[in-house]
Amino acid sequence: MAETRTEALHQNAEGLDVQAPEAILAFLANAQIEAAKAVHGAIPAIAVAAELIAKQLKSGGRLAYAAAGSSGLMAVADALELPGTFGIARDRIAILIAGGDDAFRTLAGGPEDDTGEASAAVAAADIGTGDCLIAISASGSTPYAVQALQDARSRGAATIAIANNRGAALFKQADVAILLETPPELIAGSTRMGAGTAQKIALNMLSTLTAIHLGHVHDGYMVNLSADNIKLRDRAVRMVAAISGKSRDDAIRLLEESGGVVKTAILLAAGAASADAAEKILEGTGQKLRPALSALGHDPEKWNPLFGKDHALTKK
């Protein structure tokens, strides 16, 4: 009798409360796996959305996330990682979550219906022309998410909608619609489970592909990371050493010369005359390391030790 897929009863839900604990957990695990599979059908739309986000960010725009409840938590998890992982400036990311800061202490349901709050949040963040807003809602009809998308669009922003129900209201005004058609939840309507899992995967895929378009990834390395702790500083050293073929000590020295910028350090290893010269080369290649290496006269696939016969990770 449910009107939407996210509110329907799962086929394995009958008698769930009297099953053995191990059986319940197996049902829960399998439901998560099935939900994750739904992301495959959204790959074409995610690809289009990543290109759109990258275009806006390259042009100086910002990326905003708008959502409520569990979808809001998925948005926060993705958004907060972008500066550290991919070096996207924090002031280029905006997070609009129903209930504001209070949502991180009490995830109340009421704020998700507050369209006035959504409009105020979009205005306060000054989302508009040149920016891109991603609105996320499992049902696809959450008033906060729908209003935020409508307001962002009316102010000239590009818009992306992510929802788990076909024909969702959220899709109607979005530039790109990403449908994650997950099965009904084992606990009917508890979209923090399967729907949330699919949303997290889709958001991770979306932001990672965006970062690749922006030149923040090279051969699987996060070469634009912000190395602001011991672990990440060590990772930066290992990346420079692995990609350039230099020793750890040389990598540390090159990073010091580059001010801690991984791509600049690698170009110094490849023969750039100075950190300033390396940065100018990167400006000319859209911050992409591979063509920057080519600009220095290297064939990146031959120069990169990942392709060399003596490297531990030789490609076959």
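Across which strands does helix 3 lie, and at what angle does it run to strand 2?

A: This is a predicted model, in which local features need pLDDT of at least 70 and side-chain atom pairs count only at pLDDT 80 or more, while totals for chains, interfaces and linings use all residues. Residues are numbered from 1 along each chain as its sequence is written, and side-chain values use heavy atoms, with hydrogens and water left out.

Helix 3 (residues 69-86) lies across strand 1 (63-67), strand 2 and strand 3 (132-137). Its direction is at about 165° to strand 2. Helices (H or I, at least four residues) and strands (E, at least two) are DSSP runs, numbered from the N terminus. Axes are lines fitted to C-alpha atoms, for helices over the stretch in contact, and angles run from 0 to 180 degrees between N-to-C directions. Contact means heavy atoms within 4.5 Å.

The strands under discussion belong to an open sheet of five, in the order 2-1-3-4-5, with parallel pairing. Strand 2 (93-97) and strand 5 (176-179) are the edge strands, each pairing on one side only. From one strand to the next, the twist averages 15°. Two strands pair if DSSP finds at least two bridges between them. Strands of a sheet pair through backbone hydrogen bonds, either parallel or antiparallel. Strand 4 (residues 158-163) and strand 5 run parallel and are joined by four bridges. Within strand 5, V176 stands opposite I160.

Buried means under 20% relative accessible area, exposed over 50%, and partly exposed in between (1.4 Å probe, protein chains only).

Next come the charged pairs. A salt bridge is a side-chain nitrogen of Lys or Arg within 4 Å of a carboxyl oxygen of Asp or Glu, and by this rule the count comes to eleven. In one of them R166 pairs with E181, their closest N and O atoms being 2.8 Å apart. R166 lies in the loop between strand 4 and strand 5, and E181 in the loop between strand 5 and helix 6, so the pair ties together parts that are 15 residues apart in sequence. R166 counts as exposed, at 60% relative accessibility, and E181 as partly exposed, at 31%.

R290 and D219 also meet in a salt bridge (2.8 Å, N to O). R290 belongs to helix 11 (residues 289-295) and D219 to the loop between helix 6 and helix 7 (230-244), so this pair ties together parts 71 residues apart in sequence. R290 is partly exposed, with a relative accessible area of 28%.
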